[in-house]
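Here's a quick tour of the packing in this one, written for someone who likes to see which residues sit against which.

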Amino acid sequence: MSKIIQFIRHAKSSWQFNVTDHDRPLKKRGVKDAKLVSNHLKTNFLKPNLILSSTANRAKSTAMLFVDNLKLKNIHFEQKKALYDFSGDSVLEVIKNCDDTVDVLMIFGHNYALTNLCNSLGNTTIDNVTTSGFVQLEFEQNSWKNIKKGITTKIVFPKHLK
């Protein structure tokens, strides 16, 4: 039995509007990159059992683009304030508290949290999980609370596809 986490960093956001960090929308380039990455994933993709997103507008918007492109509308989707985290500590806490009936977990979040978690939990060093970046980690574990070190099985960044 294994557990799989699919991390997606929110797409490029716009600083054009006078809104709080939490409310920033996506840039046109962000929408394009999120579609590029999610379209690429269609060919060899493990569907998640659960999709979790930060409550931030840019993360939710990115999640909706992936959900639409990958036809995941029937998958349970939750927004969690704890995923609006930049260190990774709260994100790891959310992961460790996931129900063990979930085998494939998809998380939409932010940096530095995602880069930190990909490096501490995976076996491949990543300098920076880019906006719209997708990283998949696999663990030989049957319980989320026991997640420690896994294998980085897939990395897809927009720059790989351009």
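Start in the sheet, where Ser53 stands opposite Phe108 in strand E4. Keep in mind that this is a predicted model. The pairing behind that spot is between E2 and E4, which run parallel and share four bridges. E4 has another parallel partner in E1, this time with six bridges; one spot to look at there is Gln6, whose bridge partner in E4 is Met106.

So how well covered is E4? Six of its six residues are buried. In a regular strand, side chains alternate between the two faces of the sheet. Here both faces are covered: Val104, Met106 and Phe108 are buried on one side, and Leu105, Ile107 and Gly109 are buried on the other.

**Aromatic pairs**

| Pair | Geometry | Centre to centre | Angle between planes |
|---|---|---|---|
| Phe66 and Phe108 | edge-to-face | 5.5 Å | 70° |
| Tyr84 and Phe86 | edge-to-face | 5.1 Å | 75° |

What does the Phe66 and Phe108 pair tie together? Phe66 belongs to helix H2 (residues 57–69) and Phe108 to strand E4 (residues 104–109), so the pair links parts that are 42 residues apart in sequence. Phe66 is buried at a relative accessible area of 0%, and Phe108 is likewise buried at 0%. With the other pair, Tyr84 is partly exposed at 22% relative accessibility, and Phe86 is partly exposed at 37%.

There's also a ring with a charge on it: the charged end of Arg24 sits over the ring of Trp15, 3.7 Å from the ring centre.

**The cores**

The largest nonpolar core has 25 residues, and the ones touching the most other members are Phe7, Leu52, Val91, Ile95, Leu105, Ile107 and Trp144. Strand E1 (3–9), strand E2 (50–54), helix H3 (89–96), E4, H4 and strand E5 (134–139) each give two or more residues to this core. Which element gives the most? That's H4, with five residues.

A second, separate core of 19 residues includes Ala63, Leu72, Phe108 and Val156. That brings Phe108 back, the residue that pairs with Phe66.

**Two loop residues**

Asn111 is in the loop between E4 and helix H4 (113–121). Is Asn111 buried or exposed? At 16% relative accessibility, Asn111 counts as buried. Its side chain makes a polar contact of 2.8 Å with that of Thr115 and another of 2.6 Å with that of Asn128. Beyond its neighbours within four places in sequence, Asn111 is in contact with Arg9, Phe86, Asn128 and Val129. Asn111 and Ala11 are 100 residues apart in sequence, yet their C-alpha atoms are 11 Å apart in space.

Thr130 sits in the loop between H4 and E5, and at 18% relative accessibility Thr130 counts as buried. Setting aside residues up to four places away in sequence, Thr130 touches Arg9, Phe157 and Pro158. Arg9 is a contact of Asn111 too.

Key
Residues numbered from 1 in each chain as written. Predicted model: local features only at pLDDT ≥ 70, side-chain atom pairs only at ≥ 80, totals over all residues. Heavy atoms only, no water. Phe/Tyr/Trp six-rings, centres within 6.5 Å; stacked < 30°, edge-to-face > 60°. Buried < 20%, exposed > 50% of the residue type's maximum accessible area, 1.4 Å probe, protein only. Lys NZ or Arg CZ within 6 Å of the ring centre and 35° of its normal. Contact = heavy atoms within 4.5 Å. Polar contact = N/O pair within 3.5 Å; in protein donor to acceptor, adjacent residues only side chain to side chain. Core = buried A, V, L, I, M, F, W, Y, C linked by side-chain atoms within 4.5 Å. Pairing = 2+ DSSP bridges.
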